[in-house]
Amino acid sequence: MSLNNGQSLTVGGQDFTKNGGNSSRPPWEDARAVLRPSTPTRKPKSPKPENAITIAVSSRVLFNMEKEQHIYEQQGMEEYIKYQVEHETEAFSPGPAFSFVKALEAVNAKLRELYPESEELFDVVLMTNNHANVGLRLINTINHHQLFIERFCMTGGNSPIGYLKAYHTNLYLSADPVKVREALAEGIAAAIMFTPEKMKEVSDTQLRVAFDGDAVLFSDESERICKAHGLDKFFEHEKAHENKPLDHGPLKGFLEVLGKLQKKFYGKGQRLDCPIRTYLVTARSAASSGTRALKTLRSWGLEIDEALFLAGAPKGPMLEKIRPHIFFDDQMFHVEGAAEMGTVACHVPYGIAQRVVKKGTKDKETPNASK
Ligand SMILES: [Mg+2]
């Protein structure tokens with residue numbers, strides 16, 4: 001296995017990341033053919049990217065690679081690769097995205113039972129800019145944890161945008177703020193994932209996803225009023241525009257695809273025990289500004305299972321009760337508050353709030369061995 005021009009992974013001369021030579025097969029088919037020998041046979045066929053709901057996760061959020069990251073930072077790339085090769089048969093422990101990915105697989109299993117022919121399933125793509133030698137440890141880890149990941153994307157340090165688009169990515173999760181911002185700028189739903197000190201146990205039968213409203217599901221248009229003119233003017237504005245739907249925000253598309261899958265369960269009589277549950281967790285208050293949020297969702301034809309209007313109260317304690325697999329917010333203090341209480345929280349660096357960053361809460365943009 002070698003790195004070709006330091007950019008694309010090749011195995012026995014076969015290009016992992018590009019559609020090499022005269023082959024008419026897409027690159028993921030090539031990767032599958034190479035991976036198959038070490039892949040347990042229990043796995044069903046992957047859906048085609050255009051039919052699937054594609055979730056791209058970086059290796060550093062799927063697995064805990066903190067120790068290795070530390071080696072890279074302290075001792076450099078050569079020692080890092082040496083360590084990874086020496087520990088090749090040792091599986092990485094789960095990272096913050098692990099439970100989420102497991103929950104996606106649990107939903108897929110139920111969808112396959114109900115709709116054996118349908119390709120409307122989650123498909124997880126592992127994104128990594130790691131060295132090819134580390135790729136082997138990643139494959140071993142995936143098999144060790146019996147994860148259903150057949151699509152690998154080794155970007156060799158290149159921007160992941162082209163790959164994210166090629167895979168029709170519906171959500172991209174990474175620890176790298178630069179790549180996440182780049183994806184958001186291209187209209188791809190993306191978020192920076194953080195590892196809480198202690199992760200709360202989450203459901204392994206129901207996927208729970210919690211969203212902030214403004215600048216996450218919705219645009220930041222109302223947030224701008226709030227930041228510029230204060231809370232009173234914001235309430236006034238929201239009341240006056242109650243019947244005018246908000247524009248969509250960066251994560252709206254992801255809620256939409258979750259809703260599409262939920263409807264498939266409803267169609268089989270599984271509304272109350274649906275394996276997907278969605279939550280709106282917003283600092284808006286129900287009486288004054290909540291109406292516009294709910295009317296906006298309704299105008300989009302989207303349902304949210306539970307809407308929590310916290311009227312400025314901290315989100316951490318409420319999320320601790322919900323125990324979502326993942327929570328998205330555009331404001332770092334909400335992300336930090338949630339993470340402190342054990343929720344896997346992601347920062348969506350989008351909208352006006354990014355320009356009003358509290359001291360000490362900026363994303364840390366440190367060099368990384370892997371993302
Ligand atoms: Mg917000």
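Me: Is R323 buried, partly exposed or exposed?
Reply: This is a predicted model, in which local features need pLDDT of at least 70, side-chain atom pairs count only at pLDDT 80 or more, and totals for chains, interfaces and linings use all residues. Residues are numbered from 1 along each chain as its sequence is written. A residue is buried if 20 or more other C-beta atoms, placed from the backbone, lie within 10 Å of its own, exposed if 12 or fewer, and partly exposed in between. Because R323 has 17 C-beta neighbours inside 10 Å, its class is partly exposed.

Me: Where is R323 found?
Reply: R323 is not a glycine, yet its phi is positive, about 55°. Helices (H or I, at least four residues) and strands (E, at least two) are DSSP runs numbered from the N terminus. R323 is found in the loop between α14 (316–322) and β14 (326–329).

Me: Is A215 buried or exposed?
Reply: A215 is placed in helix α9 (residues 213–217). Its phi is near 70°, a positive value in a residue other than glycine. Since 25 C-beta neighbours lie inside 10 Å, A215 counts as buried.

Me: How are α11 and α13 oriented to each other?
Reply: The axes of α11 (residues 231–240) and α13 (residues 286–299) come within 9 Å and cross at roughly 45°. Such axes are lines fitted to C-alpha atoms over the stretch in contact, with angles from 0 to 180 degrees between N-to-C directions. Angles under 35 degrees count as roughly parallel, over 145 as roughly antiparallel, 65 to 115 as roughly perpendicular and the rest as oblique. Therefore α11 and α13 are oblique.
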